[in-house]
Amino acid sequence: MSSSGDEVAELKKSGYALGALLGEGSYAKVKSAYSSKINARVAVKIINKKKAPKDFREKFLPRELDIIQVVDHPNVVKLYEIIEFNGKVFIMMEYAGHGDLLEYIKLRGALQEDRAQVMFTQIVNAMTYLHERKIVHRDMKCENLLLDCMNNIKISDFGFARCFEPSDVSKTFCGSAAYAAPEVLQGIPYHLPSHDVWSMGIILYIMVCASMPYDDSNIKKMVSQQLEKRIGFSKGKKLSVNVKDLIYKLLEVNVKKRPNVFAIKDHPFILSAQTDNSECDKNQQAINGSDRQEG
Ligand code: ADE
C-alpha cells in the first residue's frame, strides 16, 4: 500500500508531508509525517478500507474512530485530525519518539522498580480514565505502549476498543493470546474491564522480569498454568514484596476477585510511585520543539 500522488497532494493541502514507514499491518500502516499546522512531527495511521474485512469496516473501525475522538489523557496518544480520502482513513496523531515498551525492554532489559512504578502508574492513570468513561481497550500489550522522548507512556491502537455497560459481557476474542485472560482464552463470556486488568498484570510482569509469565507457544498448556496460578519469578532477580503482590492480584484467575483499576490505584506499589503527570504536557512541548529543529 504505497501512497499515490493523489494522496500526497490531498495530504499536502491539509498541511501534511508524509515521511518514513513506522509500522505495517494487513490493511493499515503507520507513517511519520510533518505537520505544518503544528510545526511538528506527527504519526499517521493509514487504513485502507478497501482491503479491510466487513466486520472491521462496519464494527471495529467506527468504534475506534468514535473513541479516539473523545479520549483526552496525557498518557494516551493524542488525536489531531481524521481525514478520509480515496477509500482510506488517515488518522493524524501525536508522535511518540522513543518507540514502544517492548523495544525498550529488549534493548535495556528489565526496568528498575522505581522506573516500572512510574511507567505502570501512568498506565493505571490512563486506564482509570478510560474505564471511568466506560471504554475498554482490549489490546493492552507492550507493543501498544509507546514512549515519548521523556519515556512517558502513551497508550495507542484503539482498534479493539469499545464502550461498555457494567453488566456487559463479550465473547469476542481480542488482542494477543499472551496478554489474554484465561476466561477470554477459554471462550467464556468475559467482563470487559477485567480483561484489560489481566493484560496489565502481564505488562507489569514483563516490565520487571523482561520475560513472559506464561509460555504462549501452547495455548492449552498456558491456560492450565494460568488456572494453577503458577507464576514464576527468577531467583536471581530481587523484586519487592509490593510488585510481586500486585502482579499476583492482577493475574487473579477468579474474575470476581480480580481488582478493578480503581482498586489498583490504592495498591502500595502505585501509592509509593514518584510521579507527576503534569510532566507529560511539558514533555510534549519538548518533543514538538525538538521536531521543529529536525525539520
Ligand atoms: N507507531 C505507531 N504509532 C506511533 C506513534 N503515534 N508515534 C510513533 N510511532 C508510532
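**Close-up 1. R63 over the face of F60.** In this predicted model, R63 is placed over the face of F60, at 5.7 Å from the ring centre. F60 itself counts as buried, with a relative accessibility of 7%.

**Close-up 2. The aromatic pair of F60 and F160.** The structure holds 5 aromatic pairs. In the pair shown here, the ring centres of F60 and F160 are 5.7 Å apart and the ring planes meet at 85 degrees, so the arrangement is edge-to-face. F60 belongs to helix α2 (residues 54–70), whereas F160 is found in the loop between β8 (153–155) and β9 (162–163), so the pair ties together parts that are 100 residues apart in sequence. F160 is partly exposed, its relative accessible area being 28%, while F60 is buried.

**Close-up 3. The aromatic pair of W198 and Y214.** The rings of W198 and Y214 have planes at 15 degrees and centres 6.2 Å apart, so this pair is stacked. Helix α6 (residues 192–209) contains W198, and the loop between α6 and α7 (219–227) contains Y214; the pair therefore ties together parts that are 16 residues apart in sequence. Both W198 and Y214 are buried.

**Close-up 4. The cluster of Y205, F233 and Y248.** Y205, F233 and Y248 are shown together as a cluster, linked by ring pairs.

**Close-up 5. R41 over the face of Y95.** Here the ring belongs to Y95, and R41 lies over its face. The distance of R41 from the ring centre of Y95 is 5.1 Å.

Notes:
Residues numbered from 1 in each chain as written. Predicted model: local features only at pLDDT ≥ 70, side-chain atom pairs only at ≥ 80, totals over all residues. Heavy atoms only, no water. Phe/Tyr/Trp six-rings, centres within 6.5 Å; stacked < 30°, edge-to-face > 60°. Helix = DSSP H or I, 4+ residues; strand = E, 2+ residues; numbered from the N terminus. Buried < 20%, exposed > 50% of the residue type's maximum accessible area, 1.4 Å probe, protein only. Lys NZ or Arg CZ within 6 Å of the ring centre and 35° of its normal.
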